[in-house]
Amino acid sequence: MTRDSPNEDDDHENLIHQNKDKSASFRIEELQSPIRRRFSKGHYLFAAIVTVISLVATIYLFFSSKICGTTSDRIKESQLRALYLLNKQRSSLFDLWKNTFGTSNNITAVRFDQIKASLLDQITLNRHIKDTLLSTENGTVSVPIVNGSEICRKIDPKSSKRRTIEWKPDPNKFLFAICLSGQMSNHLICLEKHMFFAAVLNRVLVIPGSKFDYQYNLVLDIEHINECIGRKTVISFENFMELKKNHARIDKFICYFSIPLPCYTDEDHLKQLKSLGISMGKVETAWKSEDIENPSPTTVKDVEEKFGTKEDVIAIGDVFFANVEKDWVLQPRGPIAHKCKILIEPSKLILLTAQRFIQTFLGSGFVALHFRRHGFLKFCNAKKPSCFYPIPQAADCIRQMVEKANTSVIYLSTDAAESETSLLQSMLVMNGKTIPLVKRPPRDSAEKWDSLLYRHGLDGDDQVEAMLDKTICAMASVFIGAPGSTFTEDILRLRKGWETASSCDEYLCHGEEPNFIAGD
């Protein structure tokens with residue numbers, strides 16, 4: 001049985017078309033009459049903003065001529081360029097006016113967000129005008145402007161109250177986690193949901209070992225979970241087997257899903273469990289028609305009724321697709337009460353290595369981009385509209401975000417071919433300067449940033465490499481993710497927990513959160 005996402009069967013050709021700029025011509029006289037008829041308080045506010053922006057730009061023009069005081073060709077060219085930019089900005093502002101206010105007297109939340117985003121673009125353009133007008137042979141004249149740190153602010157996690165559940169397990173009752181769908185990112189989401197199940201059922205969670213699943217202790221700090229909660233809540237498979245003297249028995253094996261296969265597993269995986277010295281009874285299903293394609297919303301009460309039992313050891317699987325208390329489970333820092341920022345986090349070796357890489361190559365302010373390509377075309381093209389973007393359109397979206405974030409470097413986490421990343425790099429040019437795409441280089445003994453992984457024999461391990469990528473992305477000033485990727489979802493989980501999430505974080509060329517999560 002493969003670990004691929006079940007939704008990658010059909011390949012539809014519905015690539016997103018690149019948005020093309022449309023120039024708009026207008027006359028003030030033609031706008032005045034309908035504008036007066038539609039004016040409201042929101043319109044007056046907008047008009048004031050437009051006027052202020054135009055006035056500031058005009059002041060730039062006036063003072064630049066006073067500051068420069070020369071007739072050099074360079075300054076004349078700068079002023080001509082500034083006039084062109086002012087006309088372009090003026091056209092954009094009036095286009096925004098007509099499109100935003102032309103149909104209704106009421107400004108909805110969506111409309112207001114559109115206004116903010118568009119005005120931020122105009123503020124950026126004003127910065128370009130300032131730079132052009134005040135450029136001289138010897139440098140620039142400093143003028144206060146809105147910068148990226150003010151636009152892309154950190155999200156305050158304290159703004160909303162967190163709903164939690166206490167995890168106080170009976171030390172003699174165990175829940176064996178079964179996670180088989182997809183790759184590591186899927187398994188981590190599955191593991192987090194199992195922790196919620198274990199808390200509801202008052203059981204210690206047994207984290208599976210490498211002979212049946214991934215080797216979680218390579219990438220996760222398992223003991224960190226127990227320390228955060230303040231009691232023994234999780235145990236490794238090896239410690240569990242030692243406790244059971246290598247003759248463990250799963251007293252009750254309950255499948256969350258029954259379609260397409262019970263527990264989303266097969267006979268080979270069950271044989272693997274038995275080969276590890278684990279005996280088990282008959283596999284049961286909690287619901288006869290629960291399908292991973294259309295999971296039903298369930299509650300804590302449902303979990304207690306379907307999986308509550310007096311048996312010592314139970315197994316539940318696979319819960320990756322389970323739609324259990326979604327708002328509760330997916331909130332920042334998770335659904336379980338604990339004293340740390342986040343429960344499931346990378347190992348200390350990976351955290352230190354990520355910090356050293358950032359210190360060596362990126363610096364404190366950088367944008368991180370998860371650019372998912374390989375194997376993503378089928379999944380995205382099955383969506384309407386597609387989430388697989390041509391390189392030129394992706395480059396345009398990335399440039400806009402880098403400009404908004406006011407950073408000069410991008411960390412690239414990708415599975416794309418060199419031909420795609422090279423084209424992307426060639427198109428990331430802003431103000432005549434290339435925006436560098438930085439990837440982790442191959443192992444070099446002369447470099448010390450990854451020496452910890454090398455000394456512990458972890459360099460080159462696929463799981464470790466993937467978690468290192470996630471950790472670096474989670475530490476970025478701004479993150480651009482791949483819509484539909486659980487790799488991206490895991491990064492967003494870390495960013496919310498570590499309080500590094502930014503108001504500018506978004507999905508590439510998408511902006512809003514997708515309704516369905518694909519495999520990683």
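Glu 325 is buried, at a relative accessible area of 18%, where buried means under 20% relative accessible area, exposed means over 50%, and partly exposed is anything in between (1.4 Å probe, protein chains only). This is a predicted model, so local features need a pLDDT of at least 70 and side-chain atom pairs count only at pLDDT 80 or more, while totals for chains, interfaces and linings use all residues. Residues are numbered from 1 along each chain as its sequence is written, and side-chain values use heavy atoms, with hydrogens and water left out.

Glu 325 sits in the loop between S12 and H11; helices (H or I, at least four residues) and strands (E, at least two) are DSSP runs, numbered from the N terminus. Most residues other than glycine have a negative phi, and most peptide bonds are trans. Arg 333 also has a positive phi, near 75°. Its place is the loop between H11 and helix H12 (348-362), and Arg 333 is partly exposed, with a relative accessible area of 28%. Then there is the peptide bond from Ile 259 to Pro 260, which is cis, with omega near 10°. Pro 260 belongs to the loop between S7 and helix H9 (267-275).

Stepping back to the whole protein, there are 18 helices and 19 strands. Of its 520 residues, 48% are buried. Contact means heavy atoms within 4.5 Å, and among contacts with a separation of 6 or more, 82% link residues 24 or more positions apart.

How far can the picture be trusted? The guide is pLDDT, the predictor's confidence in each residue, from 0 to 100. The protein averages 77, and 69% of the residues score at least 70. Confidence is lowest in helix H1 (residues 28-38), at a mean of 40, and highest in strand S17 (residues 437-438), at 96. Over residues 1-39 the pLDDT is below 50, though this stretch has 68 contacts in the model beyond near neighbours in sequence. Residues 136-149 also stay under 50, with 22 contacts beyond four places in sequence. Where pLDDT is low, the predicted coordinates should not be read in detail.

Now for the sheets. Two strands pair if DSSP finds at least two bridges between them.

Two bridges join strand S14 (residues 410-414) to S17, and Tyr 411 stands opposite Val 438 in S17.

In helix H10 (residues 300-307), the buried residues are Val 300, Val 303 and Phe 307. They cover an arc of only 60° around the axis, which puts them on the same side of H10; the arc is that of the directions from the helix axis to the C-beta atoms. An α-helix has 3.6 residues a turn, so residues three or four places apart point the same way. Lys 301 and Glu 305 are exposed on the other side of H10. The buried residues pack against elements including helix H6 (184-201), strand S7 (252-255) and strand S11 (313-317).

In H9, the buried residues include His 269, Leu 270 and Leu 273. Their arc is only 100° around the axis, which puts them on the same side of H9. On the other side, Glu 267, Asp 268, Lys 271 and Ser 275 are exposed. The cover over the buried residues of H9 includes S3, S7, strand S8 (278-280) and S9. After H9 comes Gly 277, whose phi is positive, near 90°.
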